[in-house]
Amino acid sequence: MTTAVGNTPGTQTPAAAETFIPVCEPVLDGREREYVLDCLDGNWVSSLGKYIPQFEETFATYCDAAHGVACSSGTAALHLALEAIGIQPGDEVIIPAFSLIVSANVVAMVGAKPVLVDVSPDTWCIDAERIEEKITPRTKAIMVVHMYGHPCDMDAIMKIAGRHGLRVIEDCAQAHGAEVNGRRVGSLGDVGAFSFYGNKLITTGEGGMVVTNDRAIAERAELLRNQAFEKERFVHRAVGFNYRMTNVQAAMGLAQCDHLDRNVARKIEIARNYEELLAGCAGLQLPACRPWAKNIYWMFGVVLSPSFGGNASSVRDDLAQCGIETRPFFVPLNRQPIYQGGDSRWPDLRGCYPVSEKLGDRGFYLPSGVSITRLTQEYVASNLVSCQA
């Protein structure tokens, strides 16, 4: 029989090899059911209803942003952000080489060209010191990704953007509550994009949000998420999209906002436990936290050094035999088959990005959901250490 880790923090411990430990799972232990049933009882289940503006206002305020525009996914939020700041075909947008493929896809979707920059070997975020060498007359924006919960060096990036007249988009899909010098991500650039997928710090199942302090950006994103409908119904002056969030999803999201601070604190506690449990294991690179950063450790990742022995795939297989689920790090964008130059519709992103390639080859993350117990972490850590050759 398989024993799953429970949804409430501290309720389950592993039973040796019979246990299945998921890498992450949502925790719905607040007012989610109450709010969702209110939607059902009132028949407000589509893209109108009181919970959408309440969720937008509550989450935007948490991010120190003046405006929030809820939408159907984090990908939709990034696409809306690019469209709202006016990225056009032929423009160039700088992005990290180490990222989920969404970063390149949304840039390509608007007809612009993604330009890759390698990442920092400790934070795994875009290397601010290497951005300017990639700027050309066609560069219009920098899209940063706050990787696995560690924020990018936004102070340095905003200075670069200011010198060159560039817009800055923050991909905050993995970084709800992360901070740079005491300021929360999402409102540090021109526009931020969040995801509320099931494995994120708060979830609406699927969903996302654009946050910004620029009213014009917010109004443009709000227009485009709803097929560019204006007051004159069925007359359109722009090409829009069906990126609406439902009232039911927003109800869940509003309830989840009650747990944001708790979840951030739990993620940091989980990271401290893993740091303690893995401190004596040679050959493991653990997540960094720069002095100016608040890393929320969305997922606790490790990178195997050659001295560890074995490779990420074999170690993950060994952990799976112990009932421990893991996830590989992202495949670098320069290695994605769709961006290898074989399809003329999409840009060729081949190149040499050694830090990103090392992370993609040798990194993976451990079970990191907010419901994981200390005893379960001990089980995970001891099995990982035992994989060392």
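Q: What makes the crossing of helix H3 past helix H4 right-handed or left-handed in this predicted model?
A: H3 passes H4 in a right-handed crossing. The term applies because the near helix is turned clockwise from the far one by less than a right angle.

Q: Which residues make the contact between H3 and H4?
A: On H3 they are Thr 75, Leu 78, His 79 and Leu 82, and on H4 they are Val 102, Val 106, Val 107 and Met 109. Contact here means heavy atoms within 4.5 Å.

Q: Why is strand S7 described as largely enclosed by the rest of the structure?
A: Buried means under 20% relative accessible area. Of the 5 residues of S7 (residues 167-171), 4 are buried, so the strand is largely enclosed.

Q: What makes S6 and S10 paired partners of S7?
A: At least two bridges are needed for two strands to pair. Strand S6 (residues 139-145) is joined to S7 by 5 bridges, and strand S10 (residues 191-195) is joined to S7 by 3 bridges. S6 runs parallel to S7, and S10 also runs parallel to S7. Asp 171 of S7 stands opposite Val 145 and has Ala 193 as its bridge partner in S10.

Q: Why are S9 and S13 regarded as the edges of their sheet?
A: The open sheet has 3 strands in the order S9-S8-S13, with antiparallel pairing. Strand S9 (183-184) and strand S13 (293-294) each have a single partner strand, so one side of each lacks a neighbour in the sheet. Strand S8 (residues 179-180) is joined to S9 by 2 bridges, and Glu 179 has Arg 184 as its bridge partner in S9.

Q: Which residues of helix H10 are buried, and what covers them?
A: In H10 (residues 354-362), Val 355, Ser 356, Glu 357, Leu 359 and Arg 362 are buried. Their cover includes strand S14 (301-304), helix H9 (312-321) and strand S16 (363-365).

Methods
Residues are numbered from 1 along each chain as its sequence is written. This is a predicted model: local features need pLDDT of at least 70, side-chain atom pairs count only at pLDDT 80 or more; totals for chains, interfaces and linings use all residues. Side-chain values use heavy atoms; hydrogens and water are left out. Buried means under 20% relative accessible area, exposed over 50%, partly exposed in between (1.4 Å probe, protein chains only).
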